[in-house]
Each structure stands twice: as C-alpha cells, then as structure tokens.
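Please keep the sequence and the model in view while reading.

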Amino acid sequence: MDVSQYLEIFIDETKEHLQNLNTEILNLEQDPENVDTINEIFRAAHSLKGMAGTMGYKRMQTLTHDMENVFSEVRNGSIKVKGNMIDILFQCLDALEEYLNLIQESGDEGTNDNEPLIRQLNVVLNSKESPAPVEKKPEEPVKKEPVEEGDAPKWLSIKFDGTQKHVLQEAVNQGKNVYGLTVKVQEACILKAARAFLVFKALEDLGEVIISSPSVQDIEDEKFDLDFSLIYVSDSPLEKVLQAVKSVSEIEGAQGAAIDEEKIKDFTGEAAVKEKEPVAVAVEEPPVVVEKPVERKPPAVAQSPAAKGTEKKSQMSKPAVNRTVRVDIEKLDVLMNLVSELIIAKNSLVSASVGDSAGNSSVNEHIEYLESVTTNLHESVMKVRMVPIESVVSKFPRMIRDLTKKLDKKMELYMSGEETELDRTVVDEIGDPLMHLLRNAADHGLEPGEVRKAAGKPEVGSIFLDAYQDGNNVVIEVRDDGAGINTDAVKEKAISRGVITPEQGESMTDQEIMNLLFHAGFSTAEKVSDISGRGVGLDVVKSKIEALSGEVEVKSKMGMGSTWTIRLPLTLAIIQALMVDVGGEKYAISLGSIQTIEDITPDEIKTVQNKEVINLRGIVIPIIRLNGVLDIESKKNPEDNMTVVIVKKGDRLAGLVVDELMGQQEIVIKSLGRYITKCKIISGATILGDGEVALILDTNALF
Amino acid sequence: MEELKVELRSETTQFIIVRLGDEQYGIAIKYVDNIVRMQHITRVPKVQSYLKGVINLRGEVIPVMSIRVKMDLPADEYTKATRIIILKLEQQGNIGIIVDEVKEVVTLDNSQIEKVAYESKEEKDNFIFAIGKYADGGLISLLDLNSVVLEKESV
C-alpha cells in the first residue's frame, strides 16, 4: 500500500483542522479561561500531529508536537494565555499552512524546519510554573484501565497456528515484547480502512505485526466492524505502542497487554483444541471471552490521554458539526447534465403539445407531472452543490486581527449570515474579492483612532460582513463605519490619472465618481501600503464578480462609512430567461437582468450626443438596437411601434430593441466551447425544445 | 508468422475520404467523433467568417466551421449529401466541419503516405500535411486538422 492515496484526505483534513485551530485560538484570545476551547484546540493539534506523523511529514509533526506541548500545559493550567503566546501560535499556524501548501503542490513538506518558531514555543513552554506533578497524571489511567475494567479485549480470541507460535516464541527468546492489541475506530469514521492502514503504518515503525484479525486483506477492504485486533512484536514499551496507535486521528482508543511465553503456549493449546472441537473454546484467562465474543462495542475503551480528561465535556457540549459527504464535482456535473436533458425533453413535449392544437388533456397532465419532477430534481441537485459561505468567511476574523496589529488601528469584525448558501463554484471564487474589500475597508475605510475620537466616533472601528439571500440572489455586504469615500479626492485623482477629463468630471454625479474606483489602475490611498493601495484591488474584485455573473456596487456617505454590495446569482447552470426574436433569430435574455418591457413609438426616441435615448417616466435611458449589435437585418417595419426590453446593470439601465417577444422559459446554460471566444456579447447557448440552439445575450457586455 | 502480420497491419492509418468541390481530402479517423447530417446552424454574431455557428449534438453545443470559407473556396451549397464531421481535438474540444460529401473509409499503409515538404503560397495547400497514394495510382490530400481548425485573425 502506498500513502499517496491518502494524501488527498490528509490535505482536506489538515485544512479543516488548521481552520478550526485558527478559529479556536481567536476564541481563546477573547476568553483565555474557556476550558472547552482549550480542549478543542488540543484535540485539533493532536490529530494534526498524528496525521502528519503517519504521512511521514516529520517537520510538520515536530512543529505540531511542540504546539501540542504548549496547549497541554495551558490545559493543565500551568501556563496562562498571553498575547505574545497567541501571536507565536498564529505564526505556527501560518508555518503549518506553508507546509501544507508545499505538500499540496509537490507532495513534499519542504526543508524549512521553522526552528525559531520551535524555540519560541519552548520558551513559552519553559515559562510554566510547576511542570512535574501535572504532566504525569493523564498517563496513569491509561495504563490501568484495561486491567481495571476486567473487560475482555478481542485480541485474546485471536488464534495462532504453529508457525506463528514459533515466530512469537522466537521473538520472546530474542528479548522482544509480544503484545496483544485491540484498536477501535470512531463510529463516525468514514474511511475505516485508511485509518486502519495508518495504524498499521504507525505500528510498523516500532515493530512487526504478526497476526491481525480480521486479516490484513479484509481490513484493507474495510471488511471489519469498528475494531480490529493484532498480535504485535516490538522492542518498545507498551505505552509507546499505544501512544503511536492513538496518534492516528479518528481512532477512538486502543487496548493492549503484554503476552508472556506461557500465554503464547496457552494460545497454542487453545488453537489445538479449536481444530478438533471448534465450539468449546478453552481459554483459561480470562474466561469471560467465551460468553461475549460477538459483543459489538467493548464496554470501555482506553481514551488517548488527550481526550481522556475532556471526554465528558465533549459529549455534553458536542458542537453540531456538519456531517458532510465529499462529492466529486464531476459526478455532480453529470447529474446536472442529466437534469438538463430532462428539461430539454420536457420542453420538446411542451412544443409538441402546442403543435397538436387538439389540446389532448392527458398529454398536458403528463407534462405537468414531468414539470414538477424536473423542478424538484433541479432543486435538489442544486442543493447538493450549495455550500455555506462559512468556509470562506471563517478565515476573516483572523485576517482582521492581523490587520489590527499591522495597521495599528483598533477594529472589530462583525459577521452575520455565514450559513447563507451558494453554489460551490461561486464560494470557491468569492474569497479573494471579499478579502480585497475587507482589507480596503480596514486600510482606507477606517480612520486612525485619534481621527475617529476627534470625529466623535468610538475609537474602535467596526467592519460588518453580512450575507443574506434576496430572491434569486445572494447579497454579501461589506460595511465600515469609517470616513466614507471622498468623492472630490477620487475625482481629482481620476483626472490626474487621465481616467476622465476635467469636463467629464464636472458633469458626473457622486455615484458615478464612486464607480470610477472600479476602474483599472486606480488607487486613492495617499500612502501605498502592502495591505492595499496597489490599485489593482477593486477592478480585480469587479471582474472576478462579473465573471461569476454577479455585480458589485458601492455606496458611501462622507464621515459615515461606505457599503460595498456584492450580488451573486444563486445558481449558474439553469436560469429563467426571456426569449426574444431579432431578425428571425432567437436569443435569450436572463430574466434577472430585465427591469421592464416597454412598447414605444418611433418618435419617442430622441438623440442626445449622437446616441438614441428614450425618456421613460422621467428617466433617460439609452437605446441599443440589438439588430445592429448582432449584425442582422431587423424584420420589422421601422414605422411600427417598437418593443424595448429595459435591462439593468447595477444602477444603470438600457433599452434593448427587439423584433418580438417569444415568452419566458427555463433554460439550461451551455458553454459555447473553447473554440468560440471572440464573441463577448454572447455568454452561452441553450438548447430549445425543438433541438435548436439559441444564444444567450450577456446584457452586461452591452453597456 | 501470424503475429508479424498483425504488427504490419498496425502501421496503417484509416482515413475518411470527403469531397470538397471537385477535390477529395482524407481526414484521419482517430480525430473523427461523429458524422451528422446537415442541420440548422445557429449563427453566432461577431466571430470569424468561417465560423458558421453552433449546432446541438445530443445536448452539447458544438461550433461548426466551414472548411470552404477557410480555404477560400466558393461558399458552401448545402445539398442532401452535405455532412458535418464532428472532430474531437485535444486543444479545442469538439468542433464540426462542413463537407460536401463523405465518400468512404480507406486504409493506407504508412508507406503509401508521403509527407509534403514544400512551403506553398497557396492558402489551401497549407492545410495538407501529406499525400496519400492509392494502390490503383489515385492520389488523395490528407488534411492537417490542426491548421484547419487553427484560428486565423485575418479572415
């Protein structure tokens, strides 16, 4: 077996543990006395260490080991949590993350030993007050437990054959220790075989597994319940062996005892009896085995010293962890594709029934049924793809904490709506833009403490990150109570950078000026810092969000702060669209971007600055003739009334002139493929009920 | 002996013979995913003129190009024999090309394939990587699909 097949699991789990540690250490900083938090940290660090060790990442293991030592002392109360210590711990987490990134890229942890960090950890460790008495305590119950419980470990029922007996005796003769072990895997463990493998690997470092029950093959094939038993030969003391087993994460516990020569003989005797008379199992010590050999759960399992002290608490206040299934996104895509074909089938049925003017009612019934099925299927598949944005935003409190120190500004981040769900692909992409916005808010938005005090605001600045669902959109708002955007400064900057001319600047509204911030190569920060101010932030934010079919807006009031609003569609694959006819060709316009549909007479169109506009209920809206944009002849008489679809992009509106409206339809978005890349105004294609392809207009590209 | 024969046979390449105007061209069969009848092609605006648009092939949207336009031949005339050959290319994904007719599949031994070494100024010759020689003496131009499909800005 090769460890590499577990690499992916390792990376995923390590990420989770690191995130967990980040969050919990932040909590610890706020509330240094919270026992639950400390225990949680300890557990995460412990699993991390075990995982790194079994995967053979020694540097990672060393670092986590030293971190764990510190946590252990904190838990025992011999070290108090201090600000400086938290900083060191965060640096350690960063170092671990670096290891992880290296592992992810190359499969190797790199060569950075992070010695200074380890030294710092040891300094912290040595500052403890009374080390000796506390440390030994947790060890004791472990050793005693298996004995005290008088429970029948399963390894006792393992049978040997002649050769195995010989091997064991040989080992004893060589002065090695022979142990019987029973290892129990946690019930929640998903990959039992992988865990078992890690146990084996850990054991093989220390000695040799002679017999396993069930057989190694069965264990690899996951053909075992929650535990497996081993006869094991090693030079190391039993404690060390048990420790090695328990360092594997998701192992609930391990029991073991030494087997001396006599017992080996006993076992042999038993095996001999067994061969002749399989029913009567003659084991002298302890006899209980016979009575309950099939009991599923050993009544008591030795906990690892780490988990031991906290066992009760963790059961009582076990946090509601999301039980997740990792689904390959490709599989989901296949499912998605199937659903889309189903919808296409439905659409063709619809068009067939329309053609059949007799209006066969039973066909209609079927269609309605099919429709409800497809809608449900669509919804449930979509839900599978949805993940809470929590996975992205949970790293922000840590970031703000770092910024507080770096910028020497006091600020607090308040988050809400972390449970809001978005399509997986969107969630993966949204992290960077949000980070940009938050950094911006911290660096540019919030004023330094003295300025805030002078302005009569609380010294500690507030940044809010709110997420919520709004119809078919998810809205994420980044808000600060800082200085707000100085439109005059923006205007000046824009003029000096040549983004706009002074004349243009005169006629621009405040909102238009703020939108200039999204222009490429624009930064108003007087000082360029490494946090923001490179002038790439906001236009990257904008393009990234637009790539996700979303939009971003900014609103601001001088002295009161600014609000950045990101709007994202819930899903990208299936949308409601308005089908329109332009010059005999069919195009789809996403319903989400349509404001209204108007019928206007040709003389309502006015010309302003060589551009056609209409005045619609007091608002001047530019007119875009789609037939011109799409290079096609309109089939309509220019004298006739025109149908204008008013679309919006953020706060802006535009009127699209179409030949005819064809109705609303649920469409499945298909990519045009890698080959057609030149056409910016078409965002994709869809297949209509009659099998024809219709193109989807990207109205955002028309503005 | 028997094994040897099989090995010899594996050094052959199969080509689909298509007609474009009066000339015949060969397309290596390993790149051909599918051959479909002419169907409605949805025009895509603002793209290169040789890109005719997209079609629906069992739920997939596939771009279709005109080899005639690309080769500066007279524009396509769609007849009953017109076919769209769906090519499967690693870089560009699936793409359809329009041909006047699909004739047959031939198997050419590698010795029957002669690479063209000369640089031709004539546009359409640049799309050919070799000439195939029939046993009966006939010749066939073998299309270099990568240069056929390659994007060309000037058109």
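A:A45 is found in helix α2 (residues 35–54) of chain A, where helices (H or I, at least four residues) and strands (E, at least two) are DSSP runs numbered from the N terminus. This is a predicted model, in which local features need pLDDT of at least 70 and side-chain atom pairs count only at pLDDT 80 or more, while totals for chains, interfaces and linings use all residues. Residues are numbered from 1 along each chain as its sequence is written, chains are lettered from A and ligands numbered from 1 in the order in which they are written, and side-chain values use heavy atoms, with hydrogens and water left out.

With a relative accessibility of 1%, A:A45 counts as buried; the term buried means under 20% relative accessible area, exposed over 50%, and partly exposed in between (1.4 Å probe, protein chains only). Once its neighbours within four places in sequence are set aside, A:A45 is in contact with A:L21, A:T64 and A:F71, contact meaning heavy atoms within 4.5 Å. A:A45 and A:T14, which are 31 residues apart in sequence, lie 9.8 Å apart in space, C-alpha to C-alpha.

## Strand β9 and its partners

In chain A, six of the eight residues of strand β9 (residues 473–480) are buried, so that the strand is mostly covered. Strand β9(A) runs antiparallel to strand β8 (residues 461–470) of chain A, to which eight bridges join it, and two strands are said to pair if DSSP finds at least two bridges between them. Within this pairing, A:Q469 has A:V474 in β9(A) as its bridge partner. β9(A) also pairs in the antiparallel sense with strand β11 (residues 561–569) of chain A, over seven bridges, and there the bridge partner of A:E477 is A:T565 in β11(A).

Most residues other than glycine have a negative phi.

A:Y675, A:K678 and A:V693 supply 36% of the area that chain A buries against chain B, more than any other three residues. The contact takes 26 residues from chain A and 29 residues from chain B.

Across this interface the rule finds two salt bridges, each a side-chain nitrogen of Lys or Arg within 4 Å of a carboxyl oxygen of Asp or Glu; one of them joins the side chains of A:E585 and B:R43 (2.8 Å, N to O). On the side of chain A that touches chain B, α16 (329–355), β13 (585–590), α26, β21 (682–687) and β22 (693–697) each supply at least two residues, and β21(A) gives the most, with three residues.

Key. Buried area = accessible area lost by both parts, 1.4 Å probe.
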